[in-house]
Amino acid sequence: MSDPNGYYQGYGSQPPPYGPSGMVPPDGQSLYVDMPTDNNDSSKKNHGKHGKGNKNQNGDAYEGSKIQFNEKPQYQDIWAAILYIVTVIATIAIAGISIPTMNLDNLMDSNDSNNSTSTNTGTSTNSANTGKSGTNTSNSNHLKFKRSKDGDSGTDIVIMLLSSVVFSGLLTFGYMILMQKYAGKMIKATFIMSIIFNIIYALICFLVSPILSVIMLLFAILYAICYFLWRSRIPFAKVMLKTVTSVTKKFPATILTGFIGCFVGAIWYGIICVTFVAALCSDTMVNLGAGMYVVLIFILFSFYFSTQVINNVVHVTISGVFATYYFRGVVEPGTNDVILDVKNPTVKSFGRAMTTSFGSICFGSLVIAVIQTLRALASILKNEGREDDNGLLTIVACCIECILSWVEDIIEYFNVYAFTEVAIYGKSYCEAAKDTWEICKDRGIEALINDNLIGNVLTLGGLAVGCLSTVITVVIGFLGLSIKEVAPLIIYGILAFLIGMMIFSVVAQVINSGVATTFVCICEDPDALLHTKPELYNKVKETFNGSVSL
């Protein structure tokens with residue numbers, strides 16, 4: 001595999017020698033890198049571009065690591081970044097044309113009378129409720145919280161939603177602590193629970209569909225076989241999960257990055273959805289005739305493209321932080337503390353993701369977006385064939401949809417590691433994909449098994465946080481706010497479950513990105529780990545079953 005072109009882009013300095021005080025690694029081995037810290041400007045001027053064979057501060061030739069650092073990273077795949085920017089501008093332009101000319105009569109001409117009736121009814125009902133509410137307020141305005149068995153007051157809504165968010169966050173944090181302290185036991189327990197859940201699901205499905213029941217039972221048997229075959233891989237997965245969880249706690253900004261990505265994505269997705277509806281019923285777009293369908297397909301493509309870009313920017317940002325920790329986080333002698341000489345690594349990583357690596361992110365996102373758009377069109381054709389009783393069209397469209405879905409899943413999994421290469425080394429997408437393919441050929445099975453073992457912990461963790469958040473929120477509503485009606489409690493419970501799942505999914509994304517990054521770093525440059533974190537290196541060496549030549 002070709003030498004990396006620099007795991008950090010634009011830091012302006014090289015990693016320090018082993019230990020913050022420049023101590024030599026154990027057993028007199030050569031240093032991982034031989035570069036000054038950020039504050040040693042005079043030394044930096046004398047080094048030039050650094051790679052293999054550089055001299056360290058003691059004058060010894062450095063030969064341990066394959067890393068070649070890049071102080072002047074280049075912008076990669078600029079054309080893809082331009083294409084995405086043009087796509088965003090075109091989407092905004094369509095929104096600017098469609099929304100002002102939106103005419104809902106083009107969608108619901110037949111519902112005018114029903115809407116009018118429901119509006120009048122709603123108005124009279126609201127008037128009655130307003131009067132009732134005003135009376136209650138005048139009689140009980142001395143109360144700080146309004147108690148309502150309906151649970152529909154503004155205070156009740158705020159308290160219930162805040163309770164869901166707060167307890168979901170606390171439960172997620174607690175689950176992270178459990179993953180760090182009891183990683184091995186949780187991996188085994190969640191794998192066994194997955195088998196049990198599949199068996200239970202198979203028994204339930206037997207009442208509805210015996211065929212589906214048999215399929216789920218086969219999955220349970222397959223999981224049991226995998227557990228038997230993968231038991232020897234659990235120690236390595238345990239080391240990875242404990243390490244990544246501890247790093248996540250050390251850099252909570254990675255979790256904040258995930259939430260910011262969710263917030264930005266929600267706003268942009270909302271804009272695109274409104275644009276799609278507006279284009280569908282805009283007088284201007286309707287006059288385009290067949291051209292309107294081209295516009296709608298473009299908006300659909302823009303939605304998928306933006307989804308991928310936002311998610312991958314978050315992934316590359318988080319991967320950059322973990323790569324920084326791997327290469328530049330050094331264990332301080334005499335302690336277990338890891339010292340990092342980079343300030344605000346999350347901000348710096350985000351800056352690289354949005355500049356030099358943004359083109360690579362857009363390129364890989366474009367591939368998935370095209371496949372998702374084609375799959376959506378195949379699904380539309382399948383539904384039309386079903387409505388028109390066209391069996392041939394339905395079968396062909398269904399086959400195309402299945403194939404595209406399969407290809408999409410493979411490339412999305414592949415892209416996780418390709419974008420990890422982008423984050424670590426600042427490569428173009430094609431170069432990252434090529435090196436990722438080499439990793440897949442050499443150690444793809446290990447990566448797949450490791451992701452499955454840790455994935456079980458995260459999947460069941462999300463369900464556990466969601467369910468516990470639901471129970472706590474409903475109890476607060478029933479006992480604390482005296483909400484007696486069943487319907488609002490059910491609604492609040494569902495919202496609490498979704499909020500819990502969303503909050504945990506952000507943490508799960510951080511952990512998944514950290515696991516992928518650490519795995520790639522270990523596979524490509526284990527010597528870096530030896531010279532910066534020798535204790536972790538020994539654990540990896542003992543548990544990785546000789547898959548990496550350490």
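**Burial, nonpolar cores and salt bridges in the predicted model**

Of the 550 residues in the protein chain, 45% are buried. The structure described here is a predicted model, and the secondary structure of its protein chain comprises 18 helices and two strands. Among contacts in the protein chain with a separation of 6 or more, 76% are accounted for by residues 24 or more positions apart. The protein chain exposes about 27,400 Å², and 66% of this area is supplied by carbon and sulfur atoms.

In soluble globular proteins, nonpolar side chains tend to be buried together. In the present model, the largest nonpolar core contains 63 residues, and the members that touch the most other members are Met179, Leu241, Leu453, Ile511, Phe519 and Val540. Helix α16, which spans residues 486–524, contributes the largest share of this core, namely 13 residues.

Charged side chains were considered next. Side chains of opposite charge can pair when their charged atoms come close. The structure holds four salt bridges, one of which joins the side chains of Glu408 and Arg375, with a distance of 2.8 Å from N to O. This pair links distant parts of the chain, since Glu408 lies in helix α14 (residues 391–425) and Arg375 in helix α13 (residues 358–387), 33 residues apart. The two partners can also be described by their burial: Glu408 has a relative accessible area of 5% and is therefore counted as buried, the limit being under 20%, whereas Arg375, with a relative accessible area of 26%, is partly exposed.

Two further salt bridges involve Lys427. The side chain of Lys427 meets that of Glu421 in a salt bridge of 2.7 Å, N to O, and Lys427 also forms a salt bridge with Asp435, in which the closest N and O atoms are 2.4 Å apart. Because these salt bridges share partners, Glu421, Lys427 and Asp435 are joined into one network. As regards burial, Glu421 has a relative accessibility of 0% and counts as buried, Lys427 is likewise buried with a relative accessible area of 1%, and Asp435 is buried as well.

Methods
Residues numbered from 1 in each chain as written. Predicted model: local features only at pLDDT ≥ 70, side-chain atom pairs only at ≥ 80, totals over all residues. Heavy atoms only, no water. Core = buried A, V, L, I, M, F, W, Y, C linked by side-chain atoms within 4.5 Å. Buried < 20%, exposed > 50% of the residue type's maximum accessible area, 1.4 Å probe, protein only. Helix = DSSP H or I, 4+ residues; strand = E, 2+ residues; numbered from the N terminus. Contact = heavy atoms within 4.5 Å. Areas by Shrake-Rupley, 256 points an atom, 1.4 Å probe, with all protein chains shown as cover.
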